[in-house]
Amino acid sequence: MTSTGSAAPAGRSLLARLERYYDAVPRGSARGERFGPLTLFVREGTGWPFYARPSLAGCDGVTAADVRRVRARQRELGVPEAFEWVAETSPALRPAVEAAGLVVREHPLMLLGPAGPPATTGAPDGVTVRIVGADDPALPGAVAVPYLSFAEPGTRRGRAGVTELDALIRKLTADGTVERLAGRIRAGLTSVAAALEGDTVLSAGQHQPVGPVSEVVGVGTLPVARRRGLGLAVTAALVADARARGVETVFLSAGDDDVARLYGRVGFRRVGTALIAGPPAP
């Protein structure tokens, strides 16, 4: 688990900017339900379910009872009992969440601000990195690769390869996941980058712009293709695309300290700690 004490101090204006972003992103496809100082985002239609987080007004008075009310509503909706927030912005939430029986995981919150160095890194020989459009034949692979990556977390080479990728592409195409992301691309809500060797997507990720702020999310590499700098090349392409769209503040949450060190190589610096809570493992 990472230490909240290792973060560089972040200004209140920056943290407030990120809070507004976190509150705005789900509202394009979800409604907010208030539970005291907490907001649960309930997706309207199909797609990946959202989470609960502090309201923009803050959650200094939050209690374990508030958290339990949200959990009950999540169970009623049949969605994960998930909470996400920034430790430095809402310090009162962690004790309430833990008292309500949830387990908290820490992730380095990292920023590449307006004055940050350019995130540039080259792809290995034979690999092409590009922004993937809604009708690009590489989109299904770009959707599938991060799922396989997150199923085998870490930075070491793993087992899943092209055979597993092909099977997952068929599944995510059939269930509408690929077309939902294509719709977000067409609407300007998401931008996708991928690293390809021939026609095979080896690494992919996204950023989601809202005005002058965007978060890099879901960067993952096919486990058998790790340790080649592919994730960094994809991240650099996403940053370049965000800058081209006029985004001033680009940020991300790293999986752990090892991953954070990799992002540090393309100019990201740690400014806080992103917290994610859910039920304990069975």
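When neighbours within four places in sequence are left aside, Ser149 is in contact with Gly220, Thr221, Pro223 and Arg226. In this predicted model, Ser149 belongs to helix H4, which spans residues 139–151. The relative accessible area of Ser149 is 7%, and the residue is therefore classed as buried, the cut-off being under 20%.

Pro137, by contrast, is placed in the loop between strand E6 (128–132) and H4. Pro137 and Ala72 stand 65 residues apart along the chain, and a distance of 41 Å separates their C-alpha atoms.

The largest nonpolar core comprises 48 residues, among which Leu139, Tyr263 and Phe268 touch the most other members. Helix H7, covering residues 230–244, supplies the largest share of this core, with seven residues. For Leu139, once residues up to four places away in sequence are not counted, the residues touched are Val132, Gly133, Ala134, Val178, Leu181, Ala182 and Ile185.

Technical notes
Residues are numbered from 1 along each chain as its sequence is written. This is a predicted model: local features need pLDDT of at least 70, side-chain atom pairs count only at pLDDT 80 or more; totals for chains, interfaces and linings use all residues. Side-chain values use heavy atoms; hydrogens and water are left out. Helices (H or I, at least four residues) and strands (E, at least two) are DSSP runs, numbered from the N terminus. Buried means under 20% relative accessible area, exposed over 50%, partly exposed in between (1.4 Å probe, protein chains only). Contact means heavy atoms within 4.5 Å. A nonpolar core is a set of buried Ala, Val, Leu, Ile, Met, Phe, Trp, Tyr and Cys residues joined through side-chain atoms within 4.5 Å.
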